[in-house]
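Here's a quick briefing to read with the model open beside you. Take a look at the fold before going through the points.

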Amino acid sequence: MTVRDVLRGKPARVITVEADTPVLEAVKRLREHQIGAMPVVDDRARMIGLFTERDVVWRLAEKGAAILEEPVRYCMTSPVHFCKPDDSIRDVMWQMTYRRIRHLPVVEDGRLIGMISIGDVVKSRLEELEEEARVLRDIVVAGR
């Protein structure tokens, strides 16, 4: 299974946030869309960072509530790790585990085409395992 396979089951639109957006507004957008991360884009729609729930919590611990009024550009992860549509889910799982990240933008030909989360990866892996188990059961039953 590849990242492209996972993206087929997700909405095509990627929710982004502009770098100058106040953190509080970006947090509200995360809640509104029930997501945990958004790519941060500049005024030319180029991805320059990733804004995550973790970024907010860590900045709050460092600087307090004042960060809620600051631009997202001061509360984002950069540079951004990303994956490609043809990457295998196993490779993405390894990358997320090794880097201790839960969200990866999906980039093709320099364009942002999707987002994948650790939840997407786990779900797809479980579906793979269920399919393997079904095939094995069918083989055992057919062999009787």
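Predicted model: local features only at pLDDT ≥ 70, side-chain atom pairs only at ≥ 80, totals over all residues.

**The hairpin**
- Strand 2 (residues 37–41) and strand 3 (residues 47–52) run antiparallel, with five bridges joining them.
- If you want a spot to start looking, Val41 has Met47 in strand 3 as its bridge partner.
- Five residues sit between the two strands of this hairpin, and Ala45 takes a positive phi there, near 65°.

**The cysteines**
- Counting sulfur pairs within 2.5 Å gives zero disulfides.
- Cys75 has a relative accessibility of 2%, so it counts as buried, the cut-off being under 20%.
- Cys83 is buried too, because its relative accessible area comes to 1%, again under 20%.

- You'll find Ile15 in the loop between helix 1 (3–7) and strand 1 (17–18).
- Despite that loop setting, Ile15 is buried, because its relative accessible area is 14% and the cut-off is under 20%.
- Setting aside neighbours within four places in sequence, Ile15 is in contact with Arg29, His33, Ile35, Met38 and Pro39.
- Two of those partners, Met38 and Pro39, belong to strand 2, which spans residues 37–41.
- Leu30 lies 15 residues from Ile15 in sequence, and their C-alpha atoms are 8.8 Å apart in space.

Note on methods. Residues numbered from 1 in each chain as written. Heavy atoms only, no water. Pairing = 2+ DSSP bridges. Helix = DSSP H or I, 4+ residues; strand = E, 2+ residues; numbered from the N terminus. Buried < 20%, exposed > 50% of the residue type's maximum accessible area, 1.4 Å probe, protein only. Contact = heavy atoms within 4.5 Å.
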